Amino acid sequence: MNDSIEQLKSHGFTILKNAIPMEQINNWIETYQNYFKENPEYTLKTYTHFDGRITVIPNGMELPEFQHILVDIINNKPFVDVLNGVCDGKIKHTHGTDVHMNMPGAKGLHADITKPHWWGEERVCEEDTDPWVGNIDGETFKVFRYAIYFQEHKGEEWAFQANLGSHTKLGIYDPTFAVQPVEYKAEVDPGDIVMFDQRLGHIGGPHLNGRDRLVVYGAFGKDNIFTDIQIKSNIKRQKEERLLNPELKFDTYKFPENLQKEFDKAGISYIKEI
């Protein structure tokens, strides 16, 4: 565990090997397959892909069918132990846990950060809340993404590519950030959890062999203003993306009450509504 905490701090990246039992992974696969079989129309983003079978549900883990997966994640001891280590024991949900099936990778080197100009005047990050250099009363940016792949990804179909250590640089403000050569390719087995600092320059792996590529993405951060900025950004993104599917859209965001109880038991904070 300590090695993973140090890797997240120094490299901005770590892999928790065999963190999730295969019984759970197989249960999650069944959940995904059943949901997409019953709801084939839930393609909420449009990408060019070799067969068009792409489904991305923004914050899909909060839908009733998927909630048990999110509960499994917040009760995964190796994962939560590392989060506590990098979040100083004050973990907060970022309300952006996306369901992905056949999401194409390699869209270009990027960091999963709210850029100051993206969300209009209310989303502007002033210098003191800047993800790279901001500091408010001793608090700094500590938000960490996770990616859980349900299948093996090795060889030419690696899972994840990143420039280790790039989370400490100026990232999106550096004009060379997106064109830098990418150094590290991550290979994963089912049950591994990829964790990375949201400021890390990274690229998703390719989808080559025609099987359904099933992934869950999400993030947690330290309970502070930097995480709250990412939460508001996530919820705004979900509202906009769900406009593509009227059955899933919402006007006022509310965190499901049954999940509130599970998060309370796990000692993880969240926003009730916004």
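A crossing of two helices is right-handed if the near helix is turned clockwise from the far one by less than a right angle, and left-handed if anticlockwise. In this predicted model, helix H1 passes helix H4 in a right-handed crossing. The contact is made by Ser4, Ile5, Leu8 and Lys9 of H1. On the H4 side, Asp81, Val82, Gly85 and Val86 take part. H1 spans residues 2–10, and its axis comes within 9 Å of the axis of H4. The two axes cross at roughly 50°. H1 and H4 are therefore oblique to each other.

Strand S1 covers residues 13–16. Phe13 and Ile15 point one way from S1. Thr14 and Leu16 point the other way. All of these residues are buried. S1 is joined to strand S8 (residues 193–197) by four bridges, and the two strands run antiparallel. Within S8, Ile193 stands opposite Leu16.

Strand S8 also holds Asp197. Is this residue, Asp197, buried or exposed? Its relative accessible area is 2%, so Asp197 is buried, the cut-off being under 20%.

Helix H3 comprises residues 67–74. Six of its eight residues are buried, so H3 is largely enclosed by the rest of the structure. The buried residues of H3 are Gln67, Ile69, Leu70, Val71, Ile73 and Ile74. What do the buried residues of H3 pack against? Three helices contribute: H2 (22–38), H4 (77–86) and H6 (257–266). Strands S3 (91–93), S5 (143–149) and S10 (214–222) also pack against these residues.

Helix H6 has the buried residues Leu259, Gln260 and Phe263. They cover an arc of only 105° around the axis, which puts them on the same side of H6. The face turned away from this buried side carries exposed residues. These are Glu257, Lys261, Asp264 and Lys265. What covers the buried residues of H6 includes H3, S3 and S10. Just after H6, Gly267 takes a positive phi of about 75°.

The packing of H3 and H6 can be described in turn. Two packed helices are described by the angle between their axes and the distance between the axes. For H3 and H6, the axes come within 10 Å. They cross at roughly 10°. H3 and H6 are therefore roughly parallel to each other, since angles under 35 degrees count as such. Gln67, Leu70, Val71 and Ile74 represent H3 in this contact. They meet Asn258, Leu259, Glu262, Phe263 and Ala266 in H6. Leu259 and Phe263 are also among the buried residues of H6.

A further element is an open sheet of three strands. Its order is S7-S6-S9, and the pairing is antiparallel. Which strands lie at the edge? The edge strands are S7 (184–186) and S9 (202–204), as each pairs on one side only. Neighbouring strands of this sheet are turned by 20° against each other on average, direction ignored. Three bridges join S6 (residues 160–162) to S7.

Definitions and conventions: Residues are numbered from 1 along each chain as its sequence is written. This is a predicted model: local features need pLDDT of at least 70, side-chain atom pairs count only at pLDDT 80 or more; totals for chains, interfaces and linings use all residues. Side-chain values use heavy atoms; hydrogens and water are left out. Buried means under 20% relative accessible area, exposed over 50%, partly exposed in between (1.4 Å probe, protein chains only). Two strands pair if DSSP finds at least two bridges between them. Contact means heavy atoms within 4.5 Å. The arc is that of the directions from the helix axis to the C-beta atoms. Axes are lines fitted to C-alpha atoms, for helices over the stretch in contact, and angles run from 0 to 180 degrees between N-to-C directions. Angles under 35 degrees count as roughly parallel, over 145 as roughly antiparallel, 65 to 115 as roughly perpendicular and the rest as oblique.
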